[in-house]
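Q: I have a structure open on my screen and would like to learn how to read it. Could you take me through it feature by feature?

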Amino acid sequence: MQTTSLALHTDKYQINMMYAHWVNGTHKRKAVFEAYFRKLPFGNGYAVFAGLERIVNYISQLRFTMEDIKYLSKQEENYDPVFLEELLQFSFQGTIHSMKEGALVFPDEPLIRVEGSIMETQLVETAILNFMNYQTLIATKASRIKQVASQDTLLEFGTRRAQEADAAIWGARASYVAGFHATSNMLAGERFGIPTAGTHAHSWVQSFMSEQEAFDVYAKVLPDQVTLLVDTFDTLNSGVPHAIKTAKKLESQGKKMNAIRLDSGDLAYLSIQARQMLDDAGLDYVKIVASNDLDENTIFNLKAQGARIDTWGVGTQLITASDQPSLGGVYKLVEREVDGAMLPTIKISANPEKVSTPGKKEVFRIIDPKDGKAIADYICYPGEEQPLQGGPLKLFNPLHPYLKKTVTRYEAVNMLEPIFVNGRKVYELPTLDEIRSYHREQMDLFWPEYLRKLNPEIYRVNISPAAWNMKQKLIAEHVQSTEE
Ligand SMILES: Nc1ncnc2c1ncn2[C@@H]1O[C@H](COP(=O)(O)OP(=O)(O)OP(=O)(O)O)[C@@H](O)[C@H]1O
Ligand SMILES: O=P(O)(O)OC[C@H]1O[C@H](OP(=O)(O)OP(=O)(O)O)[C@H](O)[C@@H]1O
Ligand SMILES: O=C(O)c1cccnc1
């Protein structure tokens with residue numbers, strides 16, 4: 001969908017590191033980076049991976065334009081013109097593996113793995129994290145809302161409050177991936193094929209002499225799409241009775257009104273009263289839409305109060321992920337080339353949870369064939385015999401070593417798909433509907449305990465003994481070298 005290069009959509013320090021490697025003659029050295037997050041957002045038990053389509057577009061079109069080069073030449077770093085000349089020839093020649101959009105993903109497992117020259121792998125960090133972090137965050141928030149709304153219709157209404165245009169449209173897409181049914185954003189509809197939906201604003205009613213006239217005119221012009229906003233003056237004394245009159249007029253033309261929309265006040269009380277009034281008027285087919293700063297908690301609460309709401313319009317809280325406005329995904333170097341060989345590398349931290357796991361890794365989802373449910377994820381090095389060969393697999397989480405389990409019969413699904421191989425795109429982007437159904441299959445893979453929105457069970461991400469031993473070895477080497 002995006003047509004221009006985003007080569008400079010990166011932090012300056014990436015360009016500076018690229019340059020310093022180039023001057024140092026080390027820019028062609030191979031490197032492996034992995035993108036992952038350490039903590040789930042919103043206290044949720046899983047995240048919904050999203051952002052891959054935008055990343056694929058970005059990588060495919062990654063070129064420096066003449067304007068980019070001109071801009072770089074004016075920087076106070078005084079980049080060598082030969083370096084800038086070379087950037088004009090740049091295209092991504094590396095290899096990328098990624099989770100598929102819609103996958104349920106967990107802390108500390110590689111979601112995207114990028115292999116290539118240190119120069120190219122460094123350049124793409126910022127944009128990859130930018131796309132992955134935002135879209136995964138919104139898809140996860142949307143999934144929480146979807147969980148509580150169950151079979152109800154969900155409309156994404158966030159554009160006016162989104163952090164600018166890209167967030168609005170990619171956020172609309174992420175919401176759709178996680179199970180929303182439609183968006184109010186027409187551009188998202190046009191670009192991605194997401195169904196669009198809309199009612200009308202208070203201004204429509206205010207722009208007429210009376211509410212009744214406003215409703216009648218709207219129904220006359222758009223007789224097949226009539227959802228009337230009933231709270232401009234007084235929901236139960238004016239809005240609903242006027243909407244009922246309009247619905248009756250429509251009936252006399254053989255048409256059926258879709259819905260009314262409630263946008264203020266006590267949505268439980270008003271929806272119950274409005275439902276009764278509509279039913280008493282023989283309009284049981286007219287649905288009730290609610291909006292007004294909704295999120296998974298208000299929807300959950302409203303349902304618990306017996307609200308008679310069929311469709312939820314959710315904007316601000318979703319598109320801004322307002323209770324946690326960022327996902328802390330990181331991109332860490334796990335292997336580097338030394339004298340022609342790839343060696344694992346580690347990032348040490350005083351905080352044990354921040355110590356990276358060295359080496360290029362695979363992620364397997366271990367599934368119980370008896371019930372088709374996921375048991376745990378298993379991270380290991382490529383080429384380790386298990387888990388693909390079956391047989392007993394020891395599941396062990398180093399941060400929770402007391403939680404050990406050996407599984408004997410299982411299926412292991414390799415979660416990281418090849419996307420680019422040596423610069424060539426090998427992955428065919430699925431349609432949005434395929435992504436949505438993959439997401440539903442992923443949800444079905446997990447017991448409800450992991451999916452509940454409050455205090456979910458922790459799904460375990462385990463690490464192979466080889467990866468764990470390598471981590472210990474590198475930590476020990478680091479400790480020894482600092483002692484010397
Ligand atoms: N029965 C209810 N239980 C829990 N939360 C509710 C209930 N009814 C409405 N809400 C939520 O309470 C909040 C009410 O917000 P607010 O006070 O801004 O609305 P309002 O004054 O009715 O309308 P507005 O100011 O938008 O005209 C909204 O987030 C709404 O979704
Ligand atoms: O509340 P959200 O979840 O973001 O949903 C979108 C909101 O946008 C519109 O009104 P707007 O907020 O612009 O004005 P209003 O509050 O005065 O209705 C609409 O009526 C919803 O209330
Ligand atoms: O169509 C609607 O009702 C709508 C769209 C955007 C924001 N609020 C409401």
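A: Let us begin with strands: two strands pair if DSSP finds at least two bridges between them. Helices (H or I, at least four residues) and strands (E, at least two) are themselves DSSP runs, numbered from the N terminus. In this predicted model, strand β6 (residues 153-156) runs parallel to β11, and four bridges join them. Within that pair, Leu155 stands opposite Gly313 of β11. β6 also pairs with strand β7 (residues 182-183), again in the parallel sense, over two bridges; there Glu156 faces Thr183.

Q: How are the residues and chains labelled, and which cut-offs apply to a predicted model?

A: Residues are numbered from 1 along each chain as its sequence is written, while chains are lettered from A and ligands numbered from 1 in the order in which they are written. As this is a predicted model, local features need pLDDT of at least 70, side-chain atom pairs count only at pLDDT 80 or more, and totals for chains, interfaces and linings use all residues.

Q: What pLDDT does the protein chain average?

A: pLDDT is the predictor's confidence in each residue, from 0 to 100. Where pLDDT is low, the predicted coordinates should not be read in detail. Here the protein chain averages 96, and 99% of the residues score at least 70. The model also has an ipTM of 0.96 and a pTM of 0.97.

Q: Into which domains is the protein chain divided?

A: Domain bounds come from an automatic or database domain assignment. For this chain, domain 1 covers 12-123 + 329-483 and domain 2 covers 199-292. Taken over C-alpha atoms, their centres are 50 Å apart.

Q: Which residues does UniProt list for its domain features?

A: UniProt positions are given in the numbering used here, with feature names shortened, and annotations may be inferred rather than shown by experiment. An unreviewed UniProt entry lists "domain: Nicotinate phosphoribosyltransferase N-terminal" at residues 8-133. That span is 42% helix and 17% strand, with its end C-alpha atoms 19 Å apart. UniProt, also in an unreviewed entry, places "domain: Nicotinate/nicotinamide phosphoribosyltransferase" at residues 154-340. Residues 154-340 are 44% helix and 16% strand, and 54 Å lie between the end C-alpha atoms.

Q: Why is one side of β18 and of β21 left without a neighbour in the four-strand sheet?

A: The four strands form an open sheet in the order β18-β14-β15-β21, with mixed pairing. β18 (411-414) and β21 (461-463) stand at the edges and have a single partner strand each, so one side of each lacks a neighbour in the sheet. Seven bridges link β14 (residues 362-368) with β15 (residues 373-380) in the antiparallel sense, and Glu362 has Cys380 of β15 as its bridge partner.

Q: Which residues are around ligand 1?

A: A residue is near a molecule or strand if its C-beta atom, placed from the backbone, lies within 6 Å of it. Around ligand 1 these include Ser264, Asp266, Asn292, Asp293 and Gln305. α12 (267-280) and α13 (296-304) each supply at least two residues of this shell, and α13 gives the largest share, three residues.

Q: How does the shell around ligand 1 divide by class, and what about ligands 2 and 3?

A: Ala, Val, Leu, Ile, Met, Phe, Trp, Tyr, Cys and Pro count as nonpolar, Asp, Glu, Lys and Arg as charged, and the others, Gly among them, as polar. The ligand 1 shell has four nonpolar, six polar and two charged residues. Around ligand 2 there are three nonpolar, six polar and four charged residues. For ligand 3 the shell has one nonpolar, six polar and one charged, with Phe157, Arg261 and Ser291 among its residues.
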